[in-house]
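Subject: Structure handover, with notes on charged side chains

Dear colleague,

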Amino acid sequence: MARWTIKNVRFAGVSACMPKKVVKTADIPLFTAEEAQVFDNTVGIRERRIGPDTLCASDMCQAAAEKLLADLGWERESIDMLVFESVTADFHPTPPTSCILQDRLGLPQGCFCIDLPMGCCGTMYAVNVAGNMLTTGNIRRALLLVGDTALRMGSMQDKSRVPLFGDCGTAIALEYDTTADDIVIDFQTQGSGYKALMTPHGGFRHPLTLDSFKQEDFGNGIIRAPKDTLIDGLAVFTFAISRPPKSIQQLIDDYHIDIEQDIDYFLIHQANKLIVDRVVKKLHLPVDKVPYDLEEFGNLGGASIPSLMVTRIADAMRSSKKTRLLASSFGLGLSWGTMLLTANNVVIPELIEI
């Protein structure tokens with residue numbers, strides 16, 4: 001079983017940065033006014049933040065990191081590890097964006113840098129990789145940068161993708177602390193389902209050719225080329241409402257968790273309202289303990305969980321009283337993760353807009 005108990009690691013801070021530009025569903029040319037209203041009411045994503053093509057995930061992550069480091073009062077020389085988790089790196093396939101950000105943020109040359117392209121489960125993968133390096137005390141502080149500009153990966157004529165995604169960059173600070181509560185992370189993978197979320201052409205299996213740019217009309221408002229990222233909506237929905245809830249329930253059972261008493265908030269990846277609502281109903285989760293921010297920001301990929309922390313539960317996490325969180329993410333791979341995290345005295349700046 002791919003489950004980790006990470007000891008001696010404190011969740012010290014989290015910040016988020018988004019573009020100022022708000023795009024409402026009715027503003028998207030693919031929709032009529034009636035279709036936009038139906039989408040808003042069913043999928044639940046009414047607005048999203050979209051930046052210009054010149055804005056990269058790394059730019060937003062850098063802004064989030066700069067503010068978080070300032071508010072924490074951490075010297076840049078004290079950062080031992082930098083993780084950049086994104087499927088929208090500055091360059092493809094090289095160099096690693098984490099190395100570029102090490103320079104842009106003025107971090108020491110001794111800082112260990114790594115890129116992770118794990119999509120919607122990105123925050124949990126980043127916490128797991130950095131947490132397991134911190135737990136022994138060999139390194140003392142880590143900065144995790146998680147963000148995407150996922151909309152630009154697909155066709156702007158693909159009605160199944162365009163209205164779902166928003167742009168966001170986040171920063172998370174972890175540090176070695178022997179008094180910290182354990183972080184528990186459980187991972188699962190169903191690689192046979194990889195075609196449900198993929199970019200068919202552009203890698204070494206299917207390099208770009210002239211045919212990669214030829215658009216095809218799949219009907220129902222979906223026009224895309226092989227170079228564009230696709231979503232098999234039905235396959236993703238079926239996966240998201242079946243596999244992740246089982247893992248959440250397993251963690252609840254294994255740790256004898258009373259969902260009414262032991263957990264303050266359930267942070268469910270903000271894919272869309274239909275999925276989140278179904279997970280909540282399936283597990284009988286207390287509705288008042290499940291925050292949503294998708295109606296305002298859309299699906300933010302790997303940044304979804306830290307975004308919820310910043311936009312919806314910041315006051316609770318800043319408190320000296322311990323806040324117990326259970327988080328669930330699911331996406332590319334197909335992969336999914338479940339995390340137990342205790343927060344208190346966490347530094348959380350207000351949402352940054354650029």
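**Charged residues, one by one and in groups**

D262 is partly exposed, with a relative accessible area of 34%; here buried means under 20% relative accessible area, exposed over 50%, and partly exposed in between (1.4 Å probe, protein chains only). This is a predicted model, in which local features need pLDDT of at least 70 and side-chain atom pairs count only at pLDDT 80 or more, while totals for chains, interfaces and linings use all residues. Residues are numbered from 1 along each chain as its sequence is written, and side-chain values use heavy atoms, with hydrogens and water left out.

**Surface patches**

D262 sits in the loop between α6 (243-254) and β14 (265-268), where helices (H or I, at least four residues) and strands (E, at least two) are DSSP runs numbered from the N terminus. Together with D258, E260 and D288, D262 forms a negative surface patch. Patches are made of residues with over 30% relative accessible area and no salt bridge, like charges being joined within 9 Å and nonpolar side chains (Val, Leu, Ile, Met, Phe, Trp, Tyr) within 5 Å. Accessible areas come from the Shrake-Rupley method with a 1.4 Å probe, and for residues only the protein chains shown count as cover. Lys and Arg count as positive and Asp and Glu as negative, His and the chain ends not being counted, and the place of a charge is taken as NZ of Lys, CZ of Arg, CG of Asp or CD of Glu.

A patch of positive charge on the surface brings together R243, K246, R278, K281 and K282. Helices α6 and α7 each supply at least two residues of this positive patch, and the largest share, three residues, comes from α7. K246 belongs to helix α6 and is exposed, with a relative accessible area of 59%.

**Salt bridges**

Side chains of opposite charge can pair when their charged atoms come close. With a salt bridge taken as a side-chain nitrogen of Lys or Arg within 4 Å of a carboxyl oxygen of Asp or Glu, the count comes to 22 salt bridges.

One of them joins the side chains of K7 and D182 (2.9 Å, N to O). This pair links distant parts of the chain, 175 residues apart, since K7 is in the loop between β1 (2-6) and β2 (9-18) and D182 in the loop between β8 (168-176) and β9 (183-189). K7 counts as partly exposed at 42% relative accessibility, and D182 likewise counts as partly exposed, at 30%.

Another salt bridge is formed by K273 and D277, whose closest N and O atoms are 2.6 Å apart. Because K273 and D277 are four residues apart in helix α7 (residues 273-283), they are separated by about one helical turn.

E295 and R312 also form a salt bridge, with the closest N and O atoms 3.0 Å apart. E295 lies in helix α8 (residues 294-297) and R312 in the loop between α9 (304-311) and α10 (314-318), so the pair ties together parts that are 17 residues apart in sequence.

Finally, a network of salt bridges links R10, R141, E175 and D177. D177 lies in the loop between β8 and β9 and is buried, with a relative accessible area of 19%. Leaving aside residues up to four places away in sequence, D177 touches N8, V9 and R10, contact meaning heavy atoms within 4.5 Å.

With best regards
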